[in-house]
Amino acid sequence: MGFEQLIIRSYEGQSDRTQVEDLERRCEVGPGDRVFLFTDTMGDPICRIRNSPMYKMLVAELDKELVGVIQGSIKVVRVHMHPKDLARVGYILGLRVAPLHRRKGIGSSLVRRLEEWFIANDVDYAYMATEKDNEASVKLFVNKFGYIRFRTPAILVNPVNINRSFHISSNVQIVKLKREQAEFLYRKFMSSIEFFPHDIDNILENHLSLGTWVAFPRGESFGLDGRQVPSSWAMLSVWNSGELFKLRLGKAPLSCLIYTKSSRLIDKYFPCLKLPSLPDFFHPFGFYFMYGVHQEGPLSGKLVRSLCQFVHNMAKNKSKDCKVIVTEVGGKDTLLRHHIPHWKLLSCPEDLWCIKALKSEERNSLQELTKTPPTRALFVDPREV
C-alpha cells in the first residue's frame, strides 16, 4: 500500500454512514471471548460521542474505500496532578480498521491525526479505554504511542428480570432529587474524585439522564443542601444509554445459550424456585447506565444495593427495551463492587484505561500520578459509555 493513497478526513454523515455501518459489522465491537455483547448504533455511527461538549469522528479512505474510523471527544475534568486540578482531556474510542487492511499503519494514522486535533484544541491529556486482554490495542497505544497504564476499573452488568421485582426494605427511604440538588451534592461530595466532569450540570440536564436518587435510613432527615446528612446514605444517577444505541449478543458460549433458554423456562413454570434468569439477548436491546455512585456511612453498602434494586424495578416497569443495567467502578473499590448486583458472566472485572500527556510540562506530573496508588473512587462519564 502506498501511503500517498491513504486519506484521513472528517466523517460526513450522509455519504459515509452506510460504509461505516458495514465496517462496524465486519469488526468486533465488543470485547472478545469473555464478554460477548456488541453494539448496534441504529444508523447513527457517531451516537456514542454526540452528547460530549466537543467531538470529532475521522475516517480513513483508501482508493475510495472506507477502511478505518476513530472517534474522540474533549471535556474538562478533575485531574489531581494538574496544577489547577482541572485539565482538558481528550477521550479516544471506536478505533476500527477493516480486517483486510490491518497491519498497514492505518490505525496509527488515525490515532496520530486525532491527537493532532486534541493538541490544536489545547488538550492536556489524551486517554483511552480498552479490554485488558486486547493485545493489539495495548501494543498500539502503549508501545507505539507512549500511553501509560492508568487505571483498571470494573464494568458490572446485571440482567433485568422482567418476571420479578425486588423488595426494597421498609427501613430504607429513597428520594428523587431535583437537578439543582443533585448538582450541589455531586460538587460537594464528589468533585475531588478522579475524572469528575466540570460540566456535571450539562450531564444532569441531558434528556438521557433519567434522574438522581438518594437512599438513607427511614426516620433520619436529609438536608439536601448538604449541611445535614444522615449517618449513612448513598446516591446514584441513571442514564438511558439504550436511547442512543443497542446491545446485542455476539459469539456467546454454548453453555450461556443453553442456560439462557433453560433458565427462562424454569423461571416461567417454576417461579417459586426463584432462580436467576437471563433475558432474551438474541435481538438488539437497550440498557441503563448507573453513574455517580457515591456512599457514606457504615450502612451505605446496603443502601447502594437498595438503590440498584430500585433502578432494576424502574427498568422492569418503565422500559420495554432495557434488559441490562451497567455501571463502572474503580478497580480498588471492592466494597462498592460487592454491593452492586452483577453477573460475572456478563461483567468485565478489569477494564484498562491508558493516559498520555500531550504537553511537555505535564509529563513529569503524569509519571508521578501513575506511580501513586489509585484512589478507590472513579467518576465514569455516561456520555463516554
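I began with the open sheet of six strands, ordered β8-β14-β13-β11-β10-β9 with mixed pairing. Strands are DSSP runs of E with at least two residues, helices are runs of H or I with at least four residues, and both are numbered from the N terminus. Two strands pair if DSSP finds at least two bridges between them. At the edges I found β8 (154-159) and β9 (172-176), each pairing on one side only. From one strand to the next, the twist averages 25 degrees.

A note on the source: this is a predicted model, where local features need pLDDT of at least 70, side-chain atom pairs count only at pLDDT 80 or more, and totals for chains, interfaces and linings use all residues. Numbering starts from 1 along each chain as its sequence is written, and side-chain values use heavy atoms, with hydrogens and water left out.

Next I looked at one pair of strands. β13 and β14 (residues 322-329) run parallel over five bridges. Phe-289 stands opposite Val-326 in β14.

Then I checked the helices on the sheet. Helix α4 (residues 179-189) packs on it, touching β10 (209-217), β11 (233-239) and β13. The direction of α4 makes about 120 degrees with that of β11. Contact here means heavy atoms within 4.5 Å. Axes are lines fitted to C-alpha atoms, for helices over the stretch in contact, and angles run from 0 to 180 degrees between N-to-C directions. Helix α7 (residues 300-318) lies across β8, β9, β10, β11, β13 and β14, at about 30 degrees to β11.

I picked Tyr-288, in strand β13 (residues 286-296). Tyr-288 has a relative accessible area of 5%, so I log this residue as buried. Buried means under 20% relative accessible area, exposed over 50%, partly exposed in between (1.4 Å probe, protein chains only). Leaving aside neighbours within four places in sequence, Tyr-288 is in contact with residues including Leu-210, Trp-239, Met-314, Cys-322 and Val-326. I also looked up Asp-321: 33 residues from Tyr-288 in sequence, 9.9 Å C-alpha to C-alpha.

Ser-109 came next, in helix α2 (residues 106-120). Its relative accessibility is 16%, so Ser-109 counts as buried. The Ser-109 side chain reaches the backbone oxygen of Gly-105 at 2.9 Å. Not counting residues up to four places away in sequence, Ser-109 touches Leu-6 and Ile-8.

Last, the cysteines. I searched the whole structure for disulfides (a pair of cysteine sulfur atoms within 2.5 Å) and found zero. Cys-27 is buried, at 6% relative accessible area. Cys-354 is buried too, at 1%.

How values were computed. Polar contact = N/O pair within 3.5 Å; in protein donor to acceptor, adjacent residues only side chain to side chain.
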